[in-house]
Amino acid sequence: MNAVCLFQVVTENYANPVTCLFHVLFKAGALAFYVLFSLFVKSFVIIFVITVFLAALDFWVVKNVSGRILVGMRWWNEIDDEGNSVWKFECLDGEALARMNKKDSWLFWWTLYLTAAAWIILGIFSLIRLEADYLLVVGVCLTLSLANIVGFTRCNKDAKKNIRGYFEGHAQNAITSRITSTLQSAFGVI
């Protein structure tokens, strides 16, 4: 089986295969760089700077690009005039969210959680090896992963509420129009 055929088999069920690929690559890049350079290169500064840069790049891409394309959601946090933190959510309407590709969504959510789990495991290894400086790298990367998890989970709850409201509104409209047409036909009103 050649590479083109393999790529077609892997991507045939994804609506956005390129976005899915980069969604996974940014996460894998930060993790792989950290693991490989921790094993073979002992320059903490290089490991810290490049790993945190890659994790920050992943954070931004997930938050602003792949989140919009793969699950139809985006989040951000603002500080209001009183100094309070206010979460803002943006998602597609209920009908568009219901049509999102299930494989794209599955990949998005699973990689989001698995990446955080991988950082936790790497943090445990850093604790066992008593490497507090490497624990700092893992802590920053885990914080970025958890921020996306919290943001998208809150956004998802808001989106589900919007979908429920959308379908309830359509159900009410359908019932009302059905009752109206039944009453009109029963009383001969056209």
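**Helices, annotated spans and a buried serine**

The accessible surface of the chain comes to about 11800 Å². Carbon and sulfur atoms account for 69% of that surface. The model is predicted. Of the 190 residues in the chain, 31% are buried.

The chain has six helices and two strands. Along the sequence, these elements follow the pattern α-α-α-β-β-α-α-α. Among contacts between residues at least 6 apart in sequence, 69% join residues at least 24 apart.

The unreviewed UniProt entry carries the annotation "transmembrane region". According to that record, the annotation covers residues 31-61, 107-128 and 134-153. Two of these spans can be compared with the model. Residues 31-61 are 90% helix and 0% strand. The end C-alpha atoms of residues 31-61 lie 16 Å apart. Residues 107-128 are 100% helix and 0% strand. For residues 107-128, the end C-alpha atoms lie 31 Å apart.

Helix α2 comprises residues 17-40. From its first C-alpha to its last, α2 reaches 33 Å. This is close to the 34 Å expected for its 24 residues at 1.5 Å a residue. The buried residues of α2 are T19, C20, H23, K27, A30, L31, F33, Y34 and S38. An α-helix has 3.6 residues a turn, so residues three or four places apart point the same way.

S38 lies in α2. Is S38 buried or exposed? S38 has a relative accessible area of 8%. The cut-off for a buried residue is under 20%, so S38 counts as buried. The side chain of S38 reaches the backbone oxygen of Y34 at 2.6 Å. Y34 is itself one of the buried residues of α2. Leaving aside residues up to four places away in sequence, S38 touches F33, I47 and Y134. F33 is also among the buried residues of α2. Y134 falls within the annotated span 134-153.

Just after α3 comes G72. G72 takes a positive phi of about 70 degrees.

Terms used. Residues numbered from 1 in each chain as written. Predicted model: local features only at pLDDT ≥ 70, side-chain atom pairs only at ≥ 80, totals over all residues. Heavy atoms only, no water. Helix = DSSP H or I, 4+ residues; strand = E, 2+ residues; numbered from the N terminus. Buried < 20%, exposed > 50% of the residue type's maximum accessible area, 1.4 Å probe, protein only. Contact = heavy atoms within 4.5 Å. Areas by Shrake-Rupley, 256 points an atom, 1.4 Å probe, with all protein chains shown as cover. UniProt positions renumbered as here; feature names shortened; annotations may be inferred. Polar contact = N/O pair within 3.5 Å; in protein donor to acceptor, adjacent residues only side chain to side chain. Expected span 1.5 Å × (residues − 1).
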